[in-house]
Amino acid sequence: WLVTSRLDGPGWPDIELADFADALGQTGLDEVARLVTERRTAADPDSWAAIGIKFLRQQLAALSGDVDAHVAVLAENLHGARQYGEIVTVLRDAGRGADAERWARRGLAEDPAGYWADGLREQLAGLLLASGRGEEAVSVHRAEFERRTLHQDYSRLRDTAERAGQWPGLREWALEYLRDRAQVKEFYVRELIGVLIGEDLLNEAWTTAVAAPGQVPEQQWLELIRLREPGHPADVIGPLRDLIEMGVERTSDKYRYPKAIKALKRLRDDYQRAGDEEGFTTYLDELRQRQRRKTSFIAKLDAAFAPTAG
């Protein structure tokens, strides 16, 4: 039943042999292995059953306690960092750090930019830290930060450098490197802002966004506004108005109008806290005039804010 369900079933439930190992005993596990070997001989290598066969073989090897056999199954048809990461995990958990490191380096050499490569780099850095080689661990993430320079690369570099006791000497270099990259290519403005927020450099994050508003995505603007709003309500009025206008202009989807109304109520509060209630009234009248053809939006606007006379 176990073998048939895994190989011929709909793909669920996800069967783990370890859950049945005690009940099966060695005799039952040997029978599973026999059935899997029998099916493997006849299976189309590209079939769903072939995937299940490898999955069961991996589990059988893991239950056997034979680390090399487990690695050998995992190493069949290697084609991505994720598989290398599974091998690294098995070897690391078995206390074979040196072997795990070799496999991690091999995987990164073969798939340095794949979807799972970041996880493999973290595994390698962890192995190096565990063996007392903090400088090497930092270099793993520093190289990727210099190559790609995304905010998550900065975070990984910071976390590893902190664990290695090297972050105080690297922090300003890393920030300046990202600032320079943002000056050269505007794409990196959003990455810089994300890092500045994480480093609690909120004034710089705000001024960076204001200097290049078109490079800041909506969600990041909302985060910046949330952080700036309590102490500087007047500052957020312009960016919040821009977000409202963009939302209304691009919206043929009427389901987004309630979001715009909610943002307008927030904007009203910011005008009030900035001591400019009349400014909000003027803006609302101008918005109503500009968007008068969007009757559904105007109806919601009038329901939330009574139109002024005239």
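**Note on cavities, salt bridges and cores**

1. The largest cavity has a volume of about 30 Å³. This is a predicted model, in which local features need pLDDT of at least 70, side-chain atom pairs count only at pLDDT 80 or more, and totals for chains, interfaces and linings use all residues. Residues are numbered from 1 along each chain as its sequence is written, and side-chain values use heavy atoms, with hydrogens and water left out.

2. A search of the whole structure finds one cavity of 30 Å³ or more. A cavity here is a set of points, on a 1 Å grid over the protein atoms alone, where a 1.4 Å probe fits but cannot get out; a pocket is an open set with protein on both sides within 12 Å along at least five of seven lines; lining residues have an atom within 4 Å of a point. Grid points are joined across faces, edges and corners, and a volume is the space filled by probe spheres set on the points.

3. The lining of the largest cavity consists of D118, R121, H141, E144, F145, R148, D153 and R156. By class, six of these are charged, one is polar and one is nonpolar (nonpolar: Ala, Val, Leu, Ile, Met, Phe, Trp, Tyr, Cys and Pro; charged: Asp, Glu, Lys and Arg; polar: the others, Gly among them). Helices α7, α8 and α9 (151-163) each supply at least two residues of this lining, and α8 gives the most, with four. Helices (H or I, at least four residues) are DSSP runs, numbered from the N terminus.

4. R121 and E144, both in the lining of the largest cavity, have side chains that meet in a salt bridge (3.6 Å, N to O). A salt bridge is a side-chain nitrogen of Lys or Arg within 4 Å of a carboxyl oxygen of Asp or Glu. The pair links distant parts of the chain: R121 is in α7 (residues 117-130) and E144 in α8 (residues 134-148), 23 residues apart. Both R121 and E144 are buried, where buried means under 20% relative accessible area, exposed over 50%, and partly exposed in between (1.4 Å probe, protein chains only). Salt bridges that share partners join D118, R121, E122, E144, R147, R148, D153 and R156 into one network.

5. The structure holds 39 salt bridges. One of them joins E31 to R34, with the closest N and O atoms 2.8 Å apart. These two residues lie in helix α2 (residues 21-42), three residues apart, about one turn of the helix. E31 counts as partly exposed because its relative accessibility is 35%, and R34 counts as partly exposed at 42%.

6. Another salt bridge is formed by the side chains of R92 and D93 (3.3 Å, N to O). R92 has a relative accessible area of 40%, so this residue is partly exposed. D93 is exposed, at 58%.

7. The largest pocket has a volume of about 650 Å³. Its lining has 21 residues, with A50, I51, K54, Q58 and Q83 nearest the centre. Helix α3 (48-64) and helix α5 (81-93) each supply at least two lining residues, and the largest share, seven residues, comes from α3. By class, the lining of this pocket has eight charged, eight nonpolar and five polar residues.

8. Q58 is found in α3. With a relative accessible area of 17%, Q58 is buried. Not counting residues up to four places away in sequence, Q58 touches H70, V73 and L74 (contact: heavy atoms within 4.5 Å).

9. The largest nonpolar core has 47 residues, of which L224, L264, L267 and F297 touch the most other members. Such a core is a set of buried Ala, Val, Leu, Ile, Met, Phe, Trp, Tyr and Cys residues joined through side-chain atoms within 4.5 Å. Leaving aside neighbours within four places in sequence, L264 is in contact with I244, F280, Y283, L284, L287, F297, L301 and F305. A second, separate core of 21 residues includes L74, I87, V90 and W103.

10. Two backbone angles should be noted. N77, in the loop between α4 (67-74) and α5, has a positive phi of about 55° although it is not a glycine. N77 counts as exposed, at 66% relative accessibility. D200 is not a glycine either, and has a positive phi of about 65°. D200 sits in the loop between α11 (188-198) and α12 (202-211) and is exposed, with a relative accessible area of 56%.
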